[in-house]
Amino acid sequence: KTEKVDVTAGYFYEQFGSGLLLRSWEDRSLGINNAIRGGKIVLRPSENLSFTGLYGNQRTGFDVAKGTIYGFNSDINLSGILKMESSDVSVGFSYVGRDEKTTIENPNFKELTNSFAGRFNYSHDSFYINSEYNYKAEDAILYPIFISNTFVKPGSAILTNFGYSKKGKEIMAKLENYKNG
């Protein structure tokens, strides 16, 4: 690890944006650990730019899933680049691909599922707003014991938070919209 480059090999946790597109984490009290086993590289060419690339398999129980995950994330601090002092503005873009072989004969879906996200954050004085849009290409739905070849849909989600915060007072609103198909 250096100031501009961070390389990881083995098991690691990662989150892109709000975590709707990619979030690996651990909560021992709940028995959840979906760490990624693989490699990750984070490049920080300046304090206003950050790029992450990863490749691996997610942990499932005491094993790892057979499906492979590819990911890319970018975070860009526009306030720093444009030398804005009174406001904070940043944007980000993420991509996650999951390549998973299936045993279903003549599947109605592709083995590679592509997902994309874009986000925007703004704050000025005590006001803030951040929003993220996520899109997932067509994918099969997993029922309790099998993958459905008949229910194949794309999905999307929008998450927006906005509010006002001063010492001792805060007003916040959260809007969420999820759509499958």
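**Entry 1: a charged pair and its network**

I began with E100, which forms a salt bridge with R98, the closest N and O atoms being 3.3 Å apart. I count a salt bridge when a side-chain nitrogen of Lys or Arg is within 4 Å of a carboxyl oxygen of Asp or Glu. The model is predicted: local features need pLDDT of at least 70, side-chain atom pairs count only at pLDDT 80 or more, and totals for chains, interfaces and linings use all residues. Residues are numbered from 1 along each chain as its sequence is written, and side-chain values use heavy atoms, with hydrogens and water left out.

E100 is partly exposed at 31% relative accessible area, and R98 is partly exposed at 29%. My cut-offs are under 20% for buried, over 50% for exposed and partly exposed in between, with a 1.4 Å probe and protein chains only. I also found D139 linked with R98 and E100 in a network of salt bridges.

**Entry 2: other salt bridges**

I searched the whole structure and got 7 salt bridges. One of them joins D75 and R119, with the closest N and O atoms 3.0 Å apart. D75 lies in strand 9 (residues 68–77) and R119 in strand 11 (residues 112–124), so the pair ties together parts 44 residues apart in sequence. Strands here are DSSP runs (E, at least two residues) and helices likewise (H or I, at least four), numbered from the N terminus. R119 is buried, at 9% relative accessible area, whereas D75 is partly exposed at 33%.

I also looked up K174 and E176, whose side chains meet in a salt bridge of 3.4 Å, N to O. K174 is partly exposed at 48%. E176 is partly exposed too, at 41%.

**Entry 3: nonpolar surface**

I noted a nonpolar patch on the surface made of F72, F93, F116, Y133, Y135 and I158, with about 520 Å² of accessible area together. Such a patch takes residues with over 30% relative accessible area and no salt bridge, and joins nonpolar side chains (Val, Leu, Ile, Met, Phe, Trp, Tyr) within 5 Å. Areas come from the Shrake-Rupley method with a 1.4 Å probe. I placed Y133 in strand 12 (residues 127–142). Y133 is partly exposed, at 40% relative accessibility.

**Entry 4: whole chain**

I recorded 1 helix and 14 strands. The C-alpha trace spans about 60 × 40 × 35 Å along its principal axes. Of the 181 residues, 30% count as buried. The chain exposes about 11700 Å², and carbon and sulfur atoms supply 56% of it.

Definitions and conventions: Patches are made of residues with over 30% relative accessible area and no salt bridge: like charges are joined within 9 Å, nonpolar side chains (Val, Leu, Ile, Met, Phe, Trp, Tyr) within 5 Å.
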